[in-house]
Amino acid sequence: MLDVQSIRKDFPILDHKIYDKPLIYFDNGATTQKPRCVVEKIESGYYNVNANIHRGVHFLSQAATEAHEDARKTVQQFLNARSSNEIIFTRGTTEAINLIASSFTDECMSAGDEVIVSVMEHHSNIVPWQIQAARKGITLKVIPMNEKGELCMDTFRSLFSERTKLVSVTHVSNVLGTINPVKEIIEEAHNHEVPVLIDGAQAVPHLKVDVQDLDAEFYVFSGHKIYGPTGIGVLYGKEEWLDKLPPYQGGGEMIASVSFEKTTFNELPFKFEAGTPDYIGSTALAEALRYVGRLGMGNIAAYEDELLRYATDKLNAIDGMRIFGQAAHKGAVLSFLVGNIHHYDMGMLLDRLGIAVRTGHHCAQPLMQDLGIEGTVRASFSFYNTKEEIDAFAAGIERVRKMF
């Protein structure tokens, strides 16, 4: 199991005090804190091998290029992709989904064709498809959920038609914590010869993901949610699909040749990486993946599940507590309301106790409408959190409850 106290020493920010209270950071679903080795990797990159990559013949450019492409191989190994050509660096999950929404719709869809999403999607897996609906006349179909926050699989199966071209769903809900049965979803879609995009932003930091085992055509995630830097993310795509899709953006690096008469495009993965990439961010992301790899994704999942169960029991003992999301398979996320206390009031008062939580609709307004609420308080846990912090959290909620 994990040596949590030793791990916490890798994260200097956890020693901070907020309003003279020890920081308790429970906003990991929004972004995780960064271990020292990741920050040092960024510093080392800028101080020792900073040069634009791929096109330079000098030493620094060659060294930076090698580091960037080694980072791509690290991501490939982390996801168990077949080839590093299947790893596209993006700015994050949002850009990766927008890339597929644009390129896939251009190549594979026409007016009246359908994309299946779920009621629990983040806005980043709703709005790009709505933009394409406005531009191209495509249609969204929505998988509903039951009272526990689990997708209604029978209804999902009934949504397919001859016009269904893609299924695009989240692996883990950022609000409910529900771990969706994505392998079953993918198998059902493939029975209809429909490809699948999985939003793995909330899954990759907590679960072992094997893209070959899942067999999804596309899988996306963000670096900053898995202890890496902001502004870097990954689109995994099966090579045959990435070859088939047109470029998302034009510019340098993504071209083979350019004339005023005609432009031809570069090979994978560079076809989708226009302009100077974040070669510092990619190497820092690779360092973050190595860090969690040393801890072991199985160890991380087991410990965070223990924290979730402990916190659930603690919060359920509080009068007026309503926890949203009771799925049998759930990640380390608790979204809740207490009595009639507004989520903003709860969040701001917990902040005065040094406890960082997220409040609001969590970029999932359709889900909030389905639940009949405006927003929740959300606590999301990491392997550097402790049961002692959860005790202080529960005591803080009780203190706020008594104030109201």
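This is a predicted model: local features need pLDDT of at least 70, side-chain atom pairs count only at pLDDT 80 or more; totals for chains, interfaces and linings use all residues.
Let me begin with the pairing of β4 and β10, which is antiparallel and runs over four bridges, where strands are DSSP runs of E with at least two residues, helices are runs of H or I with at least four, and both are numbered from the N terminus; two strands count as paired if DSSP finds at least two bridges between them. Within that pairing, Ile 88 has Leu 235 of β10 as its bridge partner.

Residues are numbered from 1 along each chain as its sequence is written, and side-chain values use heavy atoms, with hydrogens and water left out.

The two strands belong to an open sheet of seven strands, ordered β4-β10-β9-β8-β7-β5-β6, with mixed pairing. At the edges stand β4 (87-90) and β6 (139-143), each of which has a single partner strand, so one side of each is left without a neighbour in the sheet. From one strand to the next the twist averages 20°, axes being lines fitted to C-alpha atoms, for helices over the stretch in contact, with angles between N-to-C directions that run from 0 to 180 degrees. Helix α4 (residues 93-108) packs on this sheet, where it touches β4, β7 (164-170), β8, β9 and β10 (233-237), and its direction makes about 155° with that of β9; contact here means heavy atoms within 4.5 Å.

What joins β9 to β10? Five bridges do, and the two strands run antiparallel, with Ser 222 standing opposite Gly 233 in β10. On the pairing with β8, by contrast, strand β8 (residues 196-199) and strand β9 (residues 218-222) run parallel and are joined by three bridges; there, Ile 198 has Tyr 219 of β9 as its bridge partner.

How many residues of β10 are buried? Five of the five are, so β10 is largely enclosed by the rest of the structure, buried meaning under 20% relative accessible area, exposed over 50%, and partly exposed in between, with a 1.4 Å probe and protein chains only. In a regular strand the side chains alternate between the two faces of the sheet. In β10, Gly 233, Leu 235 and Gly 237 point one way, while Val 234 and Tyr 236 point the other way, and all are buried.

Strand β14 (residues 333-338) pairs with β17 in the antiparallel sense over four bridges, and Val 333 stands opposite Ser 380 in β17.

Next, helix α2. Its 13 residues (residues 36-48) should span 18 Å at 1.5 Å a residue, and the end C-alpha atoms are 18 Å apart, which agrees, the expected span being 1.5 Å times one less than the number of residues. Which residues of α2 are buried? They are Cys 37, Val 38 and Gly 45. These cover an arc of only 100° around the axis, which puts them on the same side of α2, the arc being that of the directions from the helix axis to the C-beta atoms. The buried residues of α2 pack against α10 (279-295).

Finally, the aromatic rings: those of Phe, Tyr and Trp (its six-membered ring) pair if their centres lie within 6.5 Å, and planes under 30 degrees apart count as stacked, over 60 as edge-to-face and the rest as tilted. By this rule the count comes to 14 aromatic pairs. One of them, Phe 26 with Phe 381, is edge-to-face, at 4.9 Å centre to centre and 90° between the planes. This pair links distant parts of the chain, 355 residues apart, with Phe 26 in the loop between β3 (24-25) and α2, and Phe 381 in the loop between β17 (376-380) and α14 (387-403). Both Phe 26 and Phe 381 are buried.
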